[in-house]
Amino acid sequence: MLGAPSGLGVAGAAWLLAGFLVAAIITWRRRGSLSTDLTGRAAAACLVVTLAVAPYFARRIVEDLRVTTAMTDYELSVAGPVQAYLQPYLLDPVTRVIPPGATYAVAQGPGVPHPEARAALAPLAMIKLFPRKEVSDPRQADWVIAWGIDIHDVAPVATAIVARPEQAGYPAVVVGRVRR
Amino acid sequence: MIADAGGLVILNLLLVAAGAGITGLAGTWRGYRGLAGGLGLDYLVGVAAFGVLAQLLYVLGASLSLVEVCLVCAALSIGAVRGLRCGGAGSFRVGPAWVFAPAAVFLVLLAVDLWYQPLWAYDSWTFWTPRAYGLYALDGLDTDWFTSGAMLGGARRDYPLLFSAVEAAGFRFTGYETRLLDLQTWVFLLAFVVMIYQASSARMRNVVLAAVLLMVAAAPSTASQLAAAEADIPLATLVAAAGLCGVRWLETRRRSTLVLTAVLAAGAVATKIEGAIFVGALFAALGLCSWRRSRPDSAIAIAALVVVVAVGLLPWRIWVAVHGGVPTGAVPSLTPSTLVDHASYVPRAAGYLLFKLLDPRGWLLIVPLWAVALWSAWRAARRGVVVFAIVTVALAFCGLVISYWSTPLDLHFHLATSARRVVTSIVFFCAALTPLLADATSRSFGQPSFVRSRED
């Protein structure tokens, strides 16, 4: 979950403790009605433990809701790329350069600071440039998008266009039409 | 978004109707009360049948427009007439409300959370959702776009279309609204929990049933996977439902029950590549458990597996073979040299998977409770079903270990990013069978039926 706390924390520990305390009291008071066979006892134990931790789990969901309900529609729409340390608007200018119907290839290099961002560039391109088709071999593509790598090392291009300049530690996005 | 959610409700009601048509034709219910008594199973059967059929139609070049989605569901639902015509009102028995209530509270809480949950999980926003959007926006399997590296690169060419087809059908009703995809996955979970309750509650021990339902709904891994909107929860629900129907077939030997098992299994195979592992394990166990009692039944189980794979997987494989070109990216390899090189992967993968199955921070105590129920059922001499459950889980587990053994990725990375998800089908299978095994412990050997027939 996007907004659930990653650790237990003091409040979480308190909820767990309270849950187990209440469960223990209820179990003690109802001990006479507990099942006598192994499966029944095991199931009752599972039920008690789950009910004991339920308030803590419920609190985690509420914490998650606190975060997600505070997000704007735009933030909600770009949560995927943001989770991958990628600026969601990174390729917006590229859509104005590569014409509809053209094919493209994506190349990213060590200049990109986060490996997650490097890996997520191609999926972001697929979404932003839809329905243009990605091809795996840059030399076979009509256009090449280079990020954190010299575009001339990727494929022979006629002109290299800086679609988005270097910004906030992220390298420039360079687009070029492949020379045939 | 509320209007869009209405569209999603309509689609899912159509899927229930489609499933009711198939279960009605199979004779598992009579009358409107009987229909109401099995809505969970109906949904899962419906979504499996629709998904498999949709995959076939996409491969054949169909676009599955809104009207076509409705027509497919309507065609599948025709069988419901048979159930509604015979046997008056039928019967509808469920257990006490307190058994379901704690799980229901969590299901509601999850639904509220998912309503506000954005699409953030990597596989979801980079693969599952774009693929569904492609089916929707390009009116089917556009051979240019769907053969791009992002769609067919690496292991992605092994993933069939069911989940994407269901999401694409959702887009037909809601427009391109990605925030509802979590809720679509939640509907699978709801149907699964309701199915266990409806299949079990009339005869099972309430404390066992309540524990299982609550643990499935409240497990932290359930919540995190629903929020991720990936295909593992849908796959797990289909595998577990197929397991339940498989047990019923072992008990009753009714062909129609095996057909339901096969439909659900075909849905699982058409959802994710791991589905083939679980379904293979399931039908191998069915064949094994039938062997001593009836060799023909054993052969039928294996023949059913062949049909399931042919229907659920082959259309997609053929499409990829025809249009997909040469595989790109790293793919798993089962060559002897790879397996020798990766020999050290086996104990590491087995240990990690076992840890994920038993980790109470992921799945609470679902698997330990299943183990206790197994032990009790074994001592109560209900050994056929115990063997079925153990063989299915063991083979599925071995299949997963083999998949990690052959991985082209760094093992640590692969396990860390996927193991907690791929064990979900085994966990849900255990959860679905636990009430039945517990029921066996309270009955003497030879008394029939773990899963009640809805016309009983």
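A residue is called buried here if 20 or more other C-beta atoms lie within 10 Å of its own, exposed if 12 or fewer do, and partly exposed in between, with C-beta atoms placed from the backbone. The structure is a predicted model, so local features need pLDDT of at least 70 and side-chain atom pairs count only at pLDDT 80 or more, while totals for chains, interfaces and linings use all residues. Residues are numbered from 1 along each chain as its sequence is written, and chains are lettered from A and ligands numbered from 1 in the order in which they are written. Helices (H or I, at least four residues) and strands (E, at least two) are DSSP runs, numbered from the N terminus.

Helix α4(B) covers residues 66-77 and has 12 residues. From first C-alpha to last, α4(B) reaches 17 Å, close to the 16 Å expected at 1.5 Å a residue; the expected span is 1.5 Å times one less than the number of residues. Val69(B), Val72(B), Cys73(B), Leu76(B) and Ser77(B) are the buried residues in α4(B). Looking down the axis, these buried residues fall within an arc of 130°, so they line one face of α4(B). The arc is that of the directions from the helix axis to the C-beta atoms. On the face of α4(B) turned away from that buried side sit Val67(B), Leu71(B) and Ala75(B), which are exposed. As for partners, the buried residues of α4(B) pack against α1 (2-25), α3 (39-59), α5 (80-85) and α9 (162-174) of chain B; two residues are in contact if their C-beta atoms, placed from the backbone, lie within 7 Å.

Helix α16(B), residues 295-312, has 18 residues and reaches 26 Å from its first C-alpha to its last, close to the 26 Å expected at 1.5 Å a residue. Its buried residues are Ala301(B), Ala304(B), Leu305(B), Val308(B), Val309(B), Val311(B) and Gly312(B). They cover an arc of only 170° around the axis, which puts them on the same side of α16(B). Over on the other side of α16(B), the exposed residues are Arg295(B), Pro296(B) and Val306(B). The cover for the buried residues of α16(B) includes α3, α14 (255-269), α15 (273-291) and α17 (314-323) of chain B.

Chain A is split into domain 1 (9-70) and domain 2 (85-178), with bounds that come from an automatic or database domain assignment. The C-alpha centres of these two domains of chain A lie 50 Å apart.

Chain A also has an open sheet of five strands, in the order β2-β1-β3-β5-β4, with mixed pairing. Two strands pair if DSSP finds at least two bridges between them. The edges are β2 (133-134) and β4 (157-164) of chain A, each pairing on one side only. Strand β1(A), residues 103-108, has five of its six residues buried, so β1(A) is largely enclosed by the rest of the structure. β1(A) pairs with β2(A) in the parallel sense over two bridges, and Tyr104(A) has Glu134(A) in β2(A) as its bridge partner. Five bridges join β1(A) to β3(A), residues 143-147, and these strands run parallel; here Gln108(A) stands opposite Trp147(A). By contrast, β4(A) and β5(A), residues 173-178, run antiparallel, joined by five bridges, with Val157(A) opposite Val178(A) in β5(A).

Most residues other than glycine have a negative phi, and most peptide bonds are trans. Phe130(A) and Pro131(A) are joined by a cis peptide bond with omega of about 5°, and Pro131(A) is found in the loop between α6 (115-128) and β2 of chain A. Ala168(A), in the loop between β4 and β5 of chain A, has a positive phi of about 50° although it is not a glycine. Ala168(A) counts as exposed, with 6 C-beta neighbours inside 10 Å. In chain B, Asp139(B) has a positive phi near 55°. Asp139(B) is found in the loop between α7 and α8 of chain B, and is partly exposed, with 14 other C-beta atoms within 10 Å.

Lastly, the two chains meet in a contact that takes 42 residues from chain B and 38 residues from chain A. On the side of chain B that touches chain A, the largest share, seven residues, comes from α11(B).
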